[in-house]
Amino acid sequence: MPDTAPIPLIPDVDDDHMLRRLGTEHRLLLDAYRTLCRTQPIADEPLDRLTEALTDLEKRVAGLPARSAAGLLVRLHVLWAALDHTDASLFRPPDPGAGIVHRLVWGALDDARRLAGQR
């Protein structure tokens, strides 16, 4: 198939219920993971279970196409979290000297927020 082949339309354009639900679960798991990482000492078993749950959830999000700006926003949030971040940088824009990948992903997140009406 040539690179210029049209992308097929996805039916039920506004139906991103599953993707949005997974996004909520991802945020909750990520918060639990971050909280556990701040405790002393970090217990390996709970941290391993949370890591596995986050990885499984990320795979599920990666397998669902976004059908709306809200769905795209979920996928981009998961992508942003999957990039190497510290607690301090997870939910704020990259520094001006950050690499192109971080700047592009953050810009796409801003676009998706705006299109989803979540400014």
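**Figure 1. Overview of the predicted model.** Of the 119 residues in the protein chain, 25% are buried. This is a predicted model. The chain holds 4 helices and 0 strands. Along the sequence, the pattern reads α-α-α-α. The accessible surface is about 8,100 Å². Carbon and sulfur atoms account for 59% of that surface. Among contacts between residues at least 6 apart in sequence, 61% link residues at least 24 apart.

Figure 2. H1 runs over residues 17-37. Its 21 residues should span 30 Å at 1.5 Å a residue, and the end C-alpha atoms are 30 Å apart, so the two values agree. Which residues of H1 are buried? They are Leu19, Leu22, Gly23, His26, Leu30, Arg34 and Leu36. These residues lie on the same side of H1, because they cover an arc of only 150° around the axis. An α-helix makes one turn in 3.6 residues, so positions three or four places apart point the same way. The face turned away from the buried side of H1 carries the exposed residues His17 and Leu28. Helix H2 (44-62) and H3 are among the elements that cover the buried residues of H1.

**Figure 3. His26 in helix H1.** His26 is part of helix H1. Is His26 buried or exposed? Its relative accessibility is 3%, so His26 counts as buried; the cut-off for buried is under 20%. Neighbours within four places in sequence are set aside here. Beyond them, His26 contacts Leu54, Leu57, Glu58, Val78 and Ala81. His26 is also one of the residues on the buried side of H1.

**Figure 4. Helix H4 and the residue that follows.** H4 covers residues 100-115. At 1.5 Å a residue, the 16 residues of H4 should span 22 Å; the end C-alpha atoms are 22 Å apart, which agrees. The buried residues of H4 are Val105, Trp106, Leu109, Ala112 and Arg113. They share the same side of H4, because their arc around the axis is only 120°. Helix H3 (69-82) is included in what covers them. Where are Leu104 and Leu115 found on H4? Both are exposed and sit on the face turned away from the buried side. Gly117 follows H4. The phi of Gly117 is positive, near 70°.

**Figure 5. Arg113 on the buried side of H4.** Arg113 belongs to helix H4. Why is Arg113 classed as buried? Its relative accessible area is 15%, and buried means under 20%. Apart from neighbours within four places in sequence, which residues does Arg113 contact? They are Leu73, His77, Trp106, Gln118 and Arg119. Trp106 is itself among the buried residues of H4.

**Figure 6. A nonpolar patch on the surface.** Three residues form this patch: Ile100, Val101 and Leu104. Together they have about 290 Å² of accessible area. Val101 lies in helix H4. Val101 is partly exposed, because its relative accessible area is 47% and that class lies between 20% and 50%. Leu104 is exposed, on the face of H4 turned away from its buried side.

Note on methods: Residues are numbered from 1 along each chain as its sequence is written. This is a predicted model: local features need pLDDT of at least 70, side-chain atom pairs count only at pLDDT 80 or more; totals for chains, interfaces and linings use all residues. Side-chain values use heavy atoms; hydrogens and water are left out. Patches are made of residues with over 30% relative accessible area and no salt bridge: like charges are joined within 9 Å, nonpolar side chains (Val, Leu, Ile, Met, Phe, Trp, Tyr) within 5 Å. Accessible areas come from the Shrake-Rupley method with a 1.4 Å probe; for residues, only the protein chains shown count as cover. A salt bridge is a side-chain nitrogen of Lys or Arg within 4 Å of a carboxyl oxygen of Asp or Glu. Helices (H or I, at least four residues) and strands (E, at least two) are DSSP runs, numbered from the N terminus. Buried means under 20% relative accessible area, exposed over 50%, partly exposed in between (1.4 Å probe, protein chains only). The expected span of a helix is 1.5 Å times one less than its number of residues. The arc is that of the directions from the helix axis to the C-beta atoms. Contact means heavy atoms within 4.5 Å.
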